[in-house]
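Dear colleague,

Please find the structure below, handed over for your study. The notes that follow it set out what was found.

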Amino acid sequence: MDISILGGQMLGIIPLGDIVLYFTPFNLFMFAAALAFTTLIAISKTESQVEAEFGTLKNREVKVDKSEFKIRRFLAIVCGLATAGAMVTGDLFDFTLFVALIAIVNIGIVAAVKEVDVLDSAFQYGLIAMIATLPLFGGAAIILASAGTISLLQLLQIPNSTMILYGSLLLFIGVAGETGVAPFFATKAEMFRTPGSPFLLIIHLSSLLVIVRTIEILLILNKPF
Amino acid sequence: MNLMGNIILNVAIAFLVGSVLFGLQRKIMARIQMRPGPPIIQHLLHTFKFFIKESAFPKTAAMPFYIAITAMLCVIWVAAVIVGPVTEGSLLLFFAIYAIHKIVEHNAGSSSGSPYGKLSCVRAVYSAAAEVPLFAVLIIIYLKTGTMIISNIVTFQSQHGALLLSIPLAALMFFVLILSKSPYSPFAITKGKDIVSGYETEHFGLLRGYLMFSESIAWYMLLWIFLTVFIGGLNPVGYLIGMVIITAFVALINAVTPILNPNHSVMTQVTLAFIGIAGSIITLLY
Amino acid sequence: MDKLKTASWFIFIISVVSIVYALVFNPAVWIVYTIALLFIPLSILSFGLLSMARGKKEEEEDKRREPFIGY
């Protein structure tokens with residue numbers, strides 16, 4: 001199979017020892033998008049919400065305070081960079097590490113808000129993310145054990161086997177749990193309702209982009225033809 | 001033709017045709033509901049009009065994100081035009097573009113600080129969980145044709161007949177996706193009138209005009225992908241006729257259905273996605 | 001002229017110049033894509049920021065006050 005039937009023509013590779021970064025228009029676009037959003041997050045202020053006060057006719061402005069703002073911005077930038085890395089890496093284990101990092105900083109971004117409901121969601125999300133590391137790394141390990149390589153460009157040449165299919169299913173479960181916001185926690189509105197939209201954006205961005213990238217990886221691993 | 005000229009021409013066509021199709025959709029909906037309805041070029045006129053309206057930026061907004069996010073929407077759909085009509089590149093890229101479109105909806109809503117926008121932002125995250133599986137239709141196309149490159153899919157169809165006939169469930173899934181992106185559709189929960197204008201509530205004046213510009217391109221591009229991927233090999237007149245037919249059909253559905261509440265909308269979409277994926281894979285296997 | 005207007009003029013001129021450059025000189029493909037992706041949206045946005053009407057200074061105070069005064 002040729003990589004160019006998935007993401008378009010190969011534009012170039014950056015070999016960093018074992019880890020080979022490769023660029024097709026598809027990877028490059030998502031890489032650029034992740035970096036563009038990260039830059040915007042780094043320079044943006046947060047929005048403030050105006051709420052009606054209970055019992056009076058006054059309004060109250062809810063803002064992100066400075067210490068919380070600093071730590072959340074830092075975590076959001078790390079998350080953006082990890083997402084950008086996960087978009088172009090040509091190494092399966094590298095990809096899983098990036099995904100695990102994304103999950104960790106996403107929990108951090110949510111957990112930095114000092115509200116009971118939000119902390120509750122962060123705790124549950126954290127549990128799922130921790131549980132999901134097992135299938136995530138386990139899947140990558142099974143693929144390594146059965147194919148003998150975790151370089152995606154080499155996995156392209158390796159014929160299908162049941163163990164690779166099994167490994168990639170585990171990998172998919174792992175990714176779904178790690179970037180759990182879109183599939184599992186979308187209903188947890190508390191997480192998205194708090195002020196600090198740039199930081200919440202990166203949670204959503206990282207989970208969607210990683211899912212899109214995972215689909216490319218699954219198609220590389222399991223060749224239907 | 002000069003590449004830049006080609007891109008600008010295609011962007012302009014996408015914007016103009018998309019706007020007029022939106023206008024047509026409102027007109028058809030109005031006639032079904034026995035109202036006279038606005039002129040067909042109303043959406044186009046609105047887009048231009050908003051550019052010269054008095055604009056201000058809310059004090060509560062997250063600057064510069066509040067403005068940059070509108071530019072982001074335009075960037076991704078210009079990218080879609082380049083991937084689509086200009087170079088006929090990879091369908092996977094559309095998947096990425098669509099994912100980023102959901103993120104723009106999310107952030108346009110939340111960056112203003114308005115509670116309506118925030119609700120729309122929450123709904124955008126929520127509906128992403130349903131619309132991204134719908135976009136998995138691309139994988140079914142890949143399984144059928146063995147390629148993700150649009151020009152190769154068109155070639156495949158010229159040899160094996162239209163994909164609309166061989167994988168109809170996938171076409172249905174994509175149609176539901178198109179339907180959920182149209183205004184007043186039963187699945188348009190991010191723009192539901194119960195939350196004023198959803199994520200666009202606080203983007204008024206020129207920013208609204210700018211968003212409408214990008215949305216027109218988005219509508220044109222979604223219809224373009226549907227026609228190219230499922231029918232393929234059409235000439236410009238064929239595209240135009242196909243787009244008018246789909247828009248009219250969408251208008252018919254939108255005119256006679258209410259906007260579903262978020263839970264029902266997402267569950268309907270997920271169910272349709274499940275039926276589509278499972279059904280298509282079963283038909284591909286046998 | 002205020003900051004927003006100056007910046008908009010600056011961006012608008014740069015984007016129009018680069019689009020014209022790509023149209024006339026036909027540079028390498030990736031340069032054309034970069035220009036198209038960055039400067040087509042930016043030119044429209046900056047044009048909009050220039051063409052939009054601005055509120056009058058005198059009316060600003062009226063707008064800032066709460067419109068609902070029915071308590």
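**Salt bridges in chain B**

The side chains of B:Lys191 and B:Glu215 form a salt bridge, with N and O 3.4 Å apart; a salt bridge is a side-chain nitrogen of Lys or Arg within 4 Å of a carboxyl oxygen of Asp or Glu. B:Lys191 belongs to the loop between α9 and α10 of chain B and B:Glu215 to helix α10 of chain B, so the pair ties together parts that are 24 residues apart in sequence. Helices (H or I, at least four residues) and strands (E, at least two) are DSSP runs, numbered from the N terminus. B:Lys191 is partly exposed, with a relative accessible area of 21%, whereas B:Glu215 is buried at 9%. Here buried means under 20% relative accessible area, exposed over 50%, and partly exposed in between (1.4 Å probe, protein chains only).

Please note that this is a predicted model, in which local features need pLDDT of at least 70 and side-chain atom pairs count only at pLDDT 80 or more, while totals for chains, interfaces and linings use all residues. Residues are numbered from 1 along each chain as its sequence is written, chains are lettered from A and ligands numbered from 1 in the order in which they are written, and side-chain values use heavy atoms, with hydrogens and water left out.

B:Asp194 is exposed, with a relative accessible area of 53%, but B:Arg123 is buried, with 12%.

**A pair in chain A**

In chain A, A:Glu68 and A:Arg72 form a salt bridge, their closest N and O atoms being 3.1 Å apart. The two residues are separated by about one helical turn, because they stand four residues apart in helix α3 (residues 66-88) of chain A. Both A:Glu68 and A:Arg72 are buried. Over all chains, the search finds eight salt bridges.

**Where the chains meet**

In the interface, 47 residues of chain A are in contact (heavy atoms within 4.5 Å) with 43 residues of chain B. The two chains bury about 3,700 Å² between them, 79% of it on carbon and sulfur atoms; buried area is the accessible area (1.4 Å probe) that two parts lose on being put together, summed over both. One salt bridge is found across this interface, and A:Glu47 and B:Lys118 form a salt bridge at 3.2 Å, N to O. On the side of chain A that touches chain B, at least two residues each come from α1 (4-7), α2 (25-43), β3 (49-52), α8 (189-193) and α9 (197-221) of chain A. Of the elements, α9(A) gives the most, with 12 residues.

**Chain B as a whole**

How many helices and strands does chain B have? Chain B has 12 helices and zero strands. Of its 286 residues, 65% count as buried. Along its principal axes, the C-alpha trace of chain B spans about 60 × 45 × 40 Å. Among contacts in chain B between residues at least 6 apart in sequence, 76% join residues at least 24 apart.

With kind regards
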